[in-house]
Amino acid sequence: MGVSESETRDAEREFLRARISELEEQLGAARAAADDCRCFLDAIPDAVLIVTPDGRIEDANDQAHRLFGYSRDEIVHLGIEQLLPARYREMHAAQRSDYEKSPHRRMMGKHRLDLVALHKDGTEIHVDIGLSPVVTGAGQRVITAIRDISQQRRMQRELHQAKRMEAVGRVAAGVAHDFNNLLMPVIGYAELVYETLAPDSALRADVLEIVRAAKRARALTKQLLATGRHQSLDLGPVNLNEIISESRRMFQGILGDSVELTIALDYALGCVIADASQIDQVFLNLVVNARDAMPCGGRLAIATRRLAVPDAHGHDHFGLACGTYAHVEVTDTGVGMDPETAEHIFEPFFSTKRVGEGHGLGLATAYGVITQCGGAIRVFSTPGAGTAFHVFLPAADAALLAADARSAPGRQDGRGAIALVVDGDLAVVEMARRVLTRRGYRVLDASSVVEGRRILAEHDAVVEILIADLLMPDADGVAVRAELLRTNPELKTLFLSAHPSTELGSSTQRAGDAFLVKPFTLMQLEAALSGVVGEAEP
């Protein structure tokens, strides 16, 4: 029995329906697989590009769009060289051509070169790149994984700079320490000579010039110590808004009429814990630096704001630790700096000025002061487009502000009590003897700890006041104090040192102790001694 034409058509239709259904299922499965692949691709935290042999971008994941700033439609019409700065494109095209001749897997972290990509807005991005060649039905492709390491590079640069600054600071502090020891007899003997001269002596003016020159040298050593964070700071609550407001007239005088000064203050800024005089010097140095960067005039803007940093690893918070900061931005429209100059700008004695126009300590001092106060300072600059300095200081805790009240020290007469001076510098011994004798003390002096012990044994005396160098070859001032406290628990002590970093820590500090940095003047010694005597009184 034969098959009719109608039955044949029905069989064909049934076959086609089954085939169409099968193809639809296959198409649905392919779409689902493609969606899964897209989902997996977009979940990769690195940027991923699929690149053809001729350098055309065929596909990209979501992270690639975020990293480079292009939409999906935009990026697939680009060549891979368009994601590089212009100076690298020709070289990269040649390298890509060589790679295509012998494609191989290349892992991230194996590059010795500094790899740089280009964002749509022109920003350069430090990246690491991994390559994996694959063969698809459409031919050979290269899977390019790109990781943004800009923050890592910035942190490496900051760490390198911090280590370099620490090393240079240690050298500078060592030089300052030795220089302070040399200045001590210059100032001391000059003031002692001045006191012995008759009021109408022509030599008094010459001696005063010696003292003034030595004091200028002392100010220079103080800047050296600041660069290495070795200076002694008088910490207390500081209102940055007040410092900037009160200095406005001085800033304008420094800048001159050709520079427009604008100041915008956030009155919710609050206080920080810092040394007011040193912070004032920091802003002065930044203003002077801005003036020198604008020889033909321009604009200087100083702005403050309160900044909360919730995430220590955030890209938008200058690499700061979590916390609340007082943020001061000082921005000029000057000549700007190239990256190499900006990298060295905080180093002691680094200067872009001509010889004789500056000693290169201004910004180094600012860096030292801010970091010693627990803050940070950053610089951003572009040649021809100006410079912005960002100063960050931790906001003061309310408890610290409440605890800042201090009482003024009083003054006592010695009334024949015994004072012991132990220092290897004869100028220091003579200055201390002069001041203590005026106050009515009986003074015993020694050039070493061993000699001091011998003198005390000979006199069998109870010492009321000790003035001692904190660091001596045979012992330290703390050891001398410990021996004297056995016979007099009420001992008053003034420690001396040419190096502020040797100041007493909390574990050895006691009521009645004070610390004075060499070199000092007779007036400063008088003031320090008044503080010691006054603090011992109830």
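**Exercise 1. Which residues form one aromatic cluster?**

Solution. The model is predicted, so local features need pLDDT of at least 70 and side-chain atom pairs count only at pLDDT 80 or more, while totals for chains, interfaces and linings use all residues. Residues are numbered from 1 along each chain as its sequence is written, and side-chain values use heavy atoms, with hydrogens and water left out.

Step 1. Rings of Phe, Tyr and Trp (its six-membered ring) pair if their centres lie within 6.5 Å, and planes under 30 degrees apart count as stacked, over 60 as edge-to-face and the rest as tilted. This rule gives 2 aromatic pairs.

Step 2. Because the ring centres of Phe 346 and Phe 389 are 6.2 Å apart and their planes stand at 70°, this pair is edge-to-face.

Step 3. Phe 346 counts as buried at 2% relative accessibility, where buried means under 20% relative accessible area, exposed over 50% and partly exposed in between (1.4 Å probe, protein chains only). Phe 389 also counts as buried, at 2%.

Step 4. The cluster consists of Phe 346, Tyr 367 and Phe 389.

**Exercise 2. In what order do the 5 strands form an open sheet?**

Solution. Step 1. Strands (E, at least two residues) and helices (H or I, at least four) are DSSP runs numbered from the N terminus, and two strands pair if DSSP finds at least two bridges between them.

Step 2. The order is E14-E13-E15-E16-E17, with parallel pairing.

Step 3. Strand E14 (442-446) and strand E17 (513-517) stand at the edges with a single partner strand each, so one side of each lacks a neighbour in the sheet.
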